[in-house]
Amino acid sequence: MKPGARPLDVLQRILRPAGGGVYVVSTGLAEQRALQRQVYGAETDADVHARWQAALATLPEASVVTLGVPSDVGAGFTRGANRAPAALRAWLLGRPRHPLWTTVDAGDVRVVPQLLSDEMLGDAQIAATRAALYGDDPLAAGLPVSPLDLCARALACIFAVAPDVVPIVIGGDHSVGWPAFLAAHRHWEQARGLRLGLLHFDAHTDLLESRLGIKYCFATWAWHANELLGRDGRLVQVGVRASARPQAHWEDTLGVRQIRAAEANRRGAEALADEIAERFTRLGVDALYVSNDIDGTDVAYAGATGTPEPDGLTPDLVSSLTRLLAQRFPLVGGDLVEVAPPLAHGAPGEPGRTLDTAARYLGDLVQCAGTRSAPGT
Ligand SMILES: [Mn+2]
C-alpha cells in the first residue's frame, strides 16, 4: 500500500460487497449475484457496488460493523465454513428485524481459496496473486493477498476511520479468529490501553503452537492469542470436550482457564459468569472479546460444522453467558466461526438448525456490541 493511501480506498480494494468474497466465475455466480441484489435491494451489479460503497462511507458513524471472511483454508477434517458469510446473510433475509441489519456490513474479505497466510508464501506467489487481485492499481502496491492478512488489514482500516466501532467477524474456519483478535488487541489494548478478556466457546482447545508445521490455522489461533495476552489467565475456554490432554495440562502449562462442557452445563450460565467476571476483575480486564466456535455448542443444535462433537453446550448457556459477561465488561469485538452450511452430515433439519443457532449468536454479539457504554471513557 502506498504511504498515505486512505483507509476507505484500501477497503474498496481488499473487500467485496457482502456475500461476494468467494471468487466464482460460472458455478455459484448466479446464486451469489441473486443474494447480493437481495441484501442491497439492488437491481444490477453496479447498484450492488454503489450501495456497498455507500455503506463503507458510513463507517465513521457506525457503532457496530460486520465483516465476512469466507475462508476455510485453515480448517481440518472437513471444509465448508467458507460458505457461512453468504449463507447466514441469506438465512436472515427472511428476518428483517434481526440485529445484523442494524450494523454497517463492510462486506467480505476477498478470498483466494488456495491461500491462508502471506507468511506461507514466496515473493513470486505474492506478486502473482497481487497482480491477479489488484492489476496494476498503484494504490495496491504492498497490499496482502491471503485471507488472514486481508482480514487483519481490513479491520485496521476500519478502526482507522471508526476508532470506537465494534467489529463482529463472520468466518470462516477458526483460523479467522487470529487476525480478528490480533486487530482487536492492537487497537483496544496496545493503542487504547484497554485490557481484553477473551471468552472462547469451543469443543476443542485450539491451543497448539503449530500443527503440521503450520503456524496459523484452526487449531493454533488460541495459542497465539494467549501469547498476545501474556499467558496471564485472561483466556477462558468454555465447552471443551475433545482434547488429547486433560484440562489440568492446558491450565498448568498455558495459564488458561478451561471450563469443560460437562462442568459448564452442570453449573449453568450465571455461576460461570460470576466466576469469569471475578477472574477478569482480578486480572484487570476492561473489555470483552468473544470468539464463538459453533462446535462448542452441542451437535443437536449445530451439526453443520467441520468437526461436530456430542455432549456440548446448549445455545441457552452460550447466549446467556455471552450476555451476562457483556453486561459487566463492554464487548469490543467478536467472531462467529466454523458454521459450515454444506456439512449437514445428512441430519434432518440441517443446515437450518445450525443457521438458526448461528443467527442467535450473531444477534447476541451485535446487540451486546451495540449497547456497550463507550469503553475507556
Ligand atoms: Mn475452534
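**Close-ups of a predicted model**

**View 1. Helix H6, end to end.** How many of the 15 residues of H6 are buried? The count is 11, so the helix is mostly covered. Among the buried ones you'll find Pro147, Leu148, Cys151, Leu155, Phe159 and Val161.

View 2. Four residues hold on to the manganese ion here: His174 through ND1, and Asp202, Asp206 and Asp293 through OD, at 2.0 to 2.2 Å. Read along the chain, these donors follow the spacing H-x27-D-x3-D-x86-D. Asp206 sits in the loop between strand S5 (196-201) and H8, while Asp293 belongs to strand S8 (residues 287-293), so this pair ties together parts that are 87 residues apart in sequence. Are Asp206 and Asp293 buried or exposed? Both Asp206 and Asp293 are buried.

**View 3. Helices H7 and H8, side by side.** Here the axes of H7 (residues 177-191) and H8 (residues 221-228) come within 9 Å and cross at roughly 10 degrees. Angles under 35 degrees count as roughly parallel, which means H7 is roughly parallel to H8. Now look at who meets whom: Gly177, Trp178, Phe181, Leu182, His185 and Gln190 in H7 contact Trp221, His224, Ala225 and Leu228 in H8. Sorted by class, that contact has 6 nonpolar and 4 polar residues, with no charged ones.

Definitions and conventions. Residues are numbered from 1 along each chain as its sequence is written. This is a predicted model: local features need pLDDT of at least 70, side-chain atom pairs count only at pLDDT 80 or more; totals for chains, interfaces and linings use all residues. Side-chain values use heavy atoms; hydrogens and water are left out. Axes are lines fitted to C-alpha atoms, for helices over the stretch in contact, and angles run from 0 to 180 degrees between N-to-C directions. Helices (H or I, at least four residues) and strands (E, at least two) are DSSP runs, numbered from the N terminus. Angles under 35 degrees count as roughly parallel, over 145 as roughly antiparallel, 65 to 115 as roughly perpendicular and the rest as oblique. Contact means heavy atoms within 4.5 Å. Ala, Val, Leu, Ile, Met, Phe, Trp, Tyr, Cys and Pro count as nonpolar, Asp, Glu, Lys and Arg as charged, and the others, Gly among them, as polar. Donors are N, O and S atoms within 2.8 Å of the metal (3.2 Å for Na, K and Ca); water is not among the atoms, so sites may look incomplete. Buried means under 20% relative accessible area, exposed over 50%, partly exposed in between (1.4 Å probe, protein chains only).
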